[in-house]
Amino acid sequence: MLRLPKFELCTPTSLAEAVALLAESPDAMIVAGGTDLVPNMKHELFTPSRVVSLAQVRELRGICRNADGSLAIGAMTSLAEVAASELVRAQAPALAQACSLIAGPQLRTMGTLGGNVLLDTRCQWYNQTYFWRQALGFCMKKDGEVCHVVKGGKNCVAAASNDSAPTLMTLGATLEFASPRGRRAIAIDDFWVADGIFNKKVERDEVLVSIQVPKAPAGHRGAYGKLRDRGSIDFPLLGVAVRLDLDAQGAVEHADVVVTALAAQPKRITKLDAILRGQRPGTPEFEAAVAEAAALAHKQCKPLPNIPGDADYRRDMVPVYVKRTLLAASRGEGPVHHV
């Protein structure tokens, strides 16, 4: 049996109190739903002396539409609530779909959108028990200096595995944080760094308050595709978020595809918008453009053996899932996954 290390649990009831508790302890950590932090603590990947629970901070929960038509989603809003929200489904369908595919029903009820956005990177050499990692000599992400994925590698390549992140990137979302220094906002596109040890631009004493999703145009369509070993529970072997905005004539005005679970940060497929722009879904020309976009994604994506699953197979699935997810978005369908 894996046991939790000793720690002080704090349960603030306001955001200000939570921020103050974090500032008081140099190694304090936040727990939201606990679906990721608790097992990581049992594996001794994190051993904070203080854990600050946000479960009682009501101001961090809920989904609402702002005056400008954008959505504000509290960081402590459960994944199940985001997936079921009619507001999210109508304005950000890819986000609702992605949240519906995270883990299983029980974990989606406990897990939060903010927790998924801030999910720690994952690696098959890192997400193991202390005993297992010790026998291997540890790795550069925790307690060691060697990368077991890239022999002789100098940078950690643990993978970003948060399903919500690529969808929020296609939606142009903004993250709002609070800290002892006040509040700040950062575009999610600017939030990531290519470092598997810690791939986010966030300070230890900052609390994610909300996720702001801009109003989508009338012709917006989105979908999310997820490859995983089993149809439930598993983290993605590949995640594909698609955005298509259609003009008044039904042609593609803007297209965006972001993939995740391949590297330390989500990756946008570049030059894809030019391929799809002007194409009308349902036509042979659109089908041909989708095939070209899928081939482009295959060329740009090179998975590493950083998570379970054959890296060559995962790369072969990139064009398959990009094509399927683009077609699903064009038809207003999704999500794309195997059952």
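In which loop does K271 lie? K271 sits in the loop between strand 12 and helix 10. Helices (H or I, at least four residues) and strands (E, at least two) are DSSP runs, numbered from the N terminus. This is a predicted model, where local features need pLDDT of at least 70, side-chain atom pairs count only at pLDDT 80 or more, and totals for chains, interfaces and linings use all residues. Residues are numbered from 1 along each chain as its sequence is written, and side-chain values use heavy atoms, with hydrogens and water left out.

K271 has a positive phi of about 65 degrees, although it is not a glycine. K271 is exposed, with a relative accessible area of 68%. Exposed means over 50%, buried under 20%, and partly exposed in between (1.4 Å probe, protein chains only).

E44 is not a glycine either, yet has a positive phi of about 60 degrees. E44 lies in the loop between helix 2 (37-42) and strand 3 (50-53). E44 is partly exposed, at 37% relative accessible area.

Now to helix 11. Its buried residues are F286, A289, V290, A293, A294, L296, A297 and Q300. They cover an arc of only 160 degrees around the axis, so they fall on the same side of helix 11. The arc is that of the directions from the helix axis to the C-beta atoms. On the other side, P284 and K299 are exposed. The buried residues pack against strand 10 (238-246), strand 11 (252-260), strand 12 (267-268), helix 10 (272-276) and helix 12 (311-330). Contact means heavy atoms within 4.5 Å.

The peptide bond from G334 to P335 is cis, with omega near 0 degrees.
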